Amino acid sequence: MSKGTFKLPPIDNEPIRSYAPGTTDREGLQKTYDAMWREQLDIPMFINGEEVRTGDTQRVIPPHDHKHNVGQYHLGTDEHVNQAIKTALDAKEEWANMSVQNRAAIFLKAADLIAGPYRNKINAATMINQSKTAFQTEIDAACELIDFLRFNVKYMYEILEEQPSSSTGVWNRMEYRPLEGFVFAISPFNFTAIAGNLPSSAALMGNVVVWKPSFHQAYSAHIVMEVFRKAGLPKGVINMIFTDPQETADIVFAHPDFAGVHFTGSTDVFKKIWQTIGSNIFKYKTYPRIVGETGGKDFVWMYPEAPALEVATALNRGAFEFQGQKCSAASRAYIPESRWNEVKTHLVNQLKSIQMGSPRDFNNFMTAVIHEASFDKLKSYIDRAKQSDEAEIVFGGNCDKSKGYFIEPTVILTSNPHYETMEEELFGPVLTIYVYPDNEWKESLKLVDQTSIYALTGAIFSDDRYVVEYATKALENAAGNFYVNDKPTGAVVNQQPFGGARGSGTNDKAGSKWNLLRWISPRTIKETLVPPTDYRYPFMD
Ligand code: NAD
């Protein structure tokens, strides 16, 4: 029971550490990385507040050094899925009835733990597990996750303040109830912040959650769970399981108490999830919420008079940071014919200086891609491009998986705007460029809009405001996050709420009020202070 209307502590974006040479932050992170690199972590599932170990284990594979051993995670069975659902439902009533300030305090504490004592640990885990450089890790596992946790609390308070108007003698109120049932969170490998946000945003709004992280993020997911526990999350509220994705889906989506799915991952998986939910619709007690942020084929478009160096820099950062494994990564570019040589020169000059290797070496801008299947897939696209009459490798194209899954930053030039790497999501460090005739810039915008099934992020470069206006309108539905004179990556919580439509998802904008609204079911209460005592209306006199 709340005994006051409480004000939140100040909430702002977490400052990003630079890890520049000579800083204590750099030294601290390196020390933690080295210690974790030498240790073996035994990673349990986490059900009903208990660590669950089955003995059926999988090795955690650091993508940049796949033979190195940093630990193992325990795989569960159908029985663990059922246990996770049951304990979530058992925890539901008490959690849903907990006062808002106590729920909020748990997640504010989790944010402060990551900002402080857990920062190096969660960053080092992400460097080891997902092969992120120190900076890529810092903006993900530390800053973005902290921002998600803190801003979601602020958004929750704003939602609670949204109240209907009342008239004399009547008091109208709106209550924001958690969903009836449990929420299923399914997270991808590429962002530790997303892994933390998918279960916690639903839990913050009073829901109980079954969370299945990607196997390729199990090591850093374990640290996220450790933080939630340390922050005081009660048992059963978030249950983390490492179970077969398809078998888990089959059980969860057939359960009558399934109330919503919070998914981030690839488009095909999400479409299949939606289809399964649709075919099971008669089984549920309530219409489930379906929230999914999925794939992208993100573009950079250049107007003939835009600055070439700025475009080349945006392409390099946008396409190759974190090896292009961001849903927002620039993967297709449209460059005017008259400027291509200039852009190419800058692009290639910058690419020549890019170093690739272990994230432990802070000189590296790039490291390895996530796993062997991704490596093989990317290599097959590059090999086909090498053979194709419609494609030419402008830079890179070498792949080596002897120690880690390393793919050189690769630039493909194509004469076909519908060449496969202009349309399909590759999810790796491969950028394809189509050079368009300058006088067809308006037609080229149609190509940008109509080439892929996705609509996640995109960027245009022009200093001409009429062009900016025209392109912004022409590409209105081509991206949920649209950038003018900037790279299409690096969205910040509370600054650029993130998500796309078409094949890219339900566009519920992760880290925003719009997302949190999906995890509640409002109840309107009308109370009449002095109820009437005569059924007749005055017109009847
Ligand atoms: P993925 O689709 O392979 O896996 C995502 C999650 O779904 C994992 O936990 C996986 O185990 C699970 N899964 C796989 N098959 C399933 C099934 N049949 N039923 C239920 N769950 C299943 O994606 P990934 O490789 O981990 O991540 C990369 C993808 O995620 C890319 O497509 C990328 O664009 C997308 N992504 C999108 C956003 C966004 O905000 N739009 C952000 C990050 C990543």
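1. Basis. The model is predicted, so local features need pLDDT of at least 70 and side-chain atom pairs count only at pLDDT 80 or more, while totals for chains, interfaces and linings use all residues. Residues are numbered from 1 along each chain as its sequence is written, and side-chain values use heavy atoms, with hydrogens and water left out.

2. H10 and H11. Helix H10 covers residues 308–320 and helix H11 residues 340–353; their axes come within 8 Å and cross at roughly 45 degrees. Helices here are DSSP runs of H or I with at least four residues, numbered from the N terminus. Axes are lines fitted to C-alpha atoms over the stretch in contact, and angles run from 0 to 180 degrees between N-to-C directions. H10 is therefore oblique to H11; oblique is what remains after under 35 degrees (roughly parallel), over 145 (roughly antiparallel) and 65 to 115 (roughly perpendicular). The crossing of H10 with H11 is right-handed, meaning that the near helix is turned clockwise from the far one by less than a right angle.

3. Residues between H10 and H11. Contact means heavy atoms within 4.5 Å. On H10 the contact includes Leu309, Leu315 and Phe320, and on H11 it includes Val343, His346 and Leu351. The contact residues divide into 9 nonpolar, 4 polar and 1 charged. Nonpolar covers Ala, Val, Leu, Ile, Met, Phe, Trp, Tyr, Cys and Pro; charged covers Asp, Glu, Lys and Arg; the others, Gly among them, are polar.

4. H4 and H5. Helix H4 (residues 119–130) packs against helix H5 (residues 134–161) at about 130 degrees, with the axes 9 Å apart. That angle makes H4 oblique to H5, and the crossing is right-handed. Among the residues in contact are Arg119 and Met127 of H4, and Glu138 and Asp140 of H5. The division is 8 nonpolar, 3 polar and 3 charged.

5. H6 and H7. The axes of H6 (residues 192–204) and H7 (residues 218–230) come within 9 Å and cross at roughly 45 degrees. Thr192, Gly196 and Ser200 of H6 meet Ser220, Val224 and Phe228 of H7. These divide into 2 nonpolar, 4 polar and no charged.

6. Ligand. Of the 27 residues around the ligand (a heavy atom within 4 Å), Ser187, Gln246, Ser266, Thr294 and Glu425 come nearest. A side-chain N or O atom of glutamate 425 is 2.7 Å from a ligand oxygen atom. Backbone N or O atoms also lie by ligand oxygen atoms: 3.1 Å for phenylalanine 189 and 3.3 Å for glycine 265.

How values were computed. Helix = DSSP H or I, 4+ residues; strand = E, 2+ residues; numbered from the N terminus. Polar contact = N/O pair within 3.5 Å; in protein donor to acceptor, adjacent residues only side chain to side chain.
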